[in-house]
Amino acid sequence: MKKYIYNLFAVLLATAAMTSCTAEEGTEPGNDVQPNVVMYSYTVKKPYNEDNDVAIRLAFNNKVEAAYYLVEKATEKESRLTSMGEEGYMDYVVSNGTKVTDATGDADITITDLYGKYAITAVAVNGSQKASAATEFTGLEWSDVVAGTYYFDFGGKIVGMESHPTTLQVCTTDATLYRFKDVFGEGASMKIQLLPDYKATDDGGTYTYFRVPAVDTPFTYGNYGTVGIRDIGYWQGSEAWITTNGYESGMYEDYNCFVYVQYYVSAGNLGYGYDYFVPNN
């Protein structure tokens, strides 16, 4: 009886070991049986433009012999997938995409000048075997609203100028997203995000609250490095500072704006107060 139990235990143990090996196949490093690619996307850094450029990283396993990537309008990809199917579309990427120079590890690629919604697809190849990965990126497009002047009423001494000509623009795909184009100089803009549910009225009329996401300027402060700007809510980590506590920024119906922002460096706060945008008309 004991011998029978021992032999049964040995069989079960062997079966478990075989099952474990099967489950690990293709997941343990160096044990993959098919090519694989994973795609990551990142916000670009200067001198690239985060509105229209994107950085991607392609991570390959050791079964990849070659790899290709294709950038196209998202609607075009959808149409091709419908007509070709998944396998046919992977073949299309291989035939029409850009070949990755080195597919032995990670490949870092920066894609520029994207306006609208794009699909980015990568295909890894080993003989007849293929694997794909994809992401999407929406490049922002802007339409002019009104030209004017931005006054660094509080921040003038920090950035070294009292005012700068700029154009208020609205995003063509998001009616609540605006920016002051080139407000800090060429290629250096500042976005603002309207809060349509929050409005107030004062002597200047009715205005809509807006947020000011953090943005680096081209300016430096002494030996402390780059000067950044953001609203008090982003500084304090709560929108309530804008909508409830009285530190709001606002856009009037004629596009005059008051902008309550904090200036800062990596070491800490430089101060906060009002800047203004005044349209030319």
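Lys130 is partly exposed, with a relative accessible area of 27% (buried means under 20%, exposed over 50%, partly exposed in between, with a 1.4 Å probe and protein chains only). The model is a predicted one, in which local features need pLDDT of at least 70 and side-chain atom pairs count only at pLDDT 80 or more, whereas totals for chains, interfaces and linings use all residues. Residues are numbered from 1 along each chain as its sequence is written, and side-chain values use heavy atoms, with hydrogens and water left out.

Lys130 forms a salt bridge with Asp91, the closest N and O atoms being 3.2 Å apart (a side-chain nitrogen of Lys or Arg within 4 Å of a carboxyl oxygen of Asp or Glu). Since Lys130 lies in strand β7 and Asp91 in helix α2 (residues 74-96), the pair ties together parts that are 39 residues apart in sequence. Asp91 is partly exposed, at a relative accessible area of 37%. Helices (H or I, at least four residues) and strands (E, at least two) are DSSP runs numbered from the N terminus.

Strand β7 (residues 129-139) pairs with strand β6 (residues 116-126) in the antiparallel sense over eleven bridges; pairing requires at least two DSSP bridges between the strands. Ile120 has Thr135 of β7 as its bridge partner. The two strands form a hairpin with two residues between them, and Gly127 in the turn has a positive phi of about 65°.

The whole structure contains ten salt bridges. Arg211 and Asp231 meet in one of them, at 2.7 Å from N to O. Arg211 lies in strand β12 (residues 205-211) and Asp231 in strand β14 (residues 226-231), so the pair ties together parts that are 20 residues apart in sequence. Arg211 is buried, with a relative accessible area of 7%, and Asp231 is buried at 0%. Arg211 also meets Glu239 in a salt bridge (3.6 Å, N to O). Glu239 counts as partly exposed at 35% relative accessibility. A network of salt bridges links Glu50, Asp51, Arg179 and Lys191.

The charged end of Arg211 sits over the ring of Tyr234, 4.1 Å from its centre, and Arg230 lies over the face of Tyr264, at 3.8 Å from the ring centre. The criterion is NZ of Lys or CZ of Arg within 6 Å of the ring centre and within 35 degrees of the ring normal.

Glu248 is located in the loop between α5 (240-243) and β15 (249-252). Glu248 is buried yet has no salt bridge, and the nearest side chain of opposite charge, Arg211, is 11 Å away; Lys and Arg count as positive and Asp and Glu as negative, while His and the chain ends are not counted.
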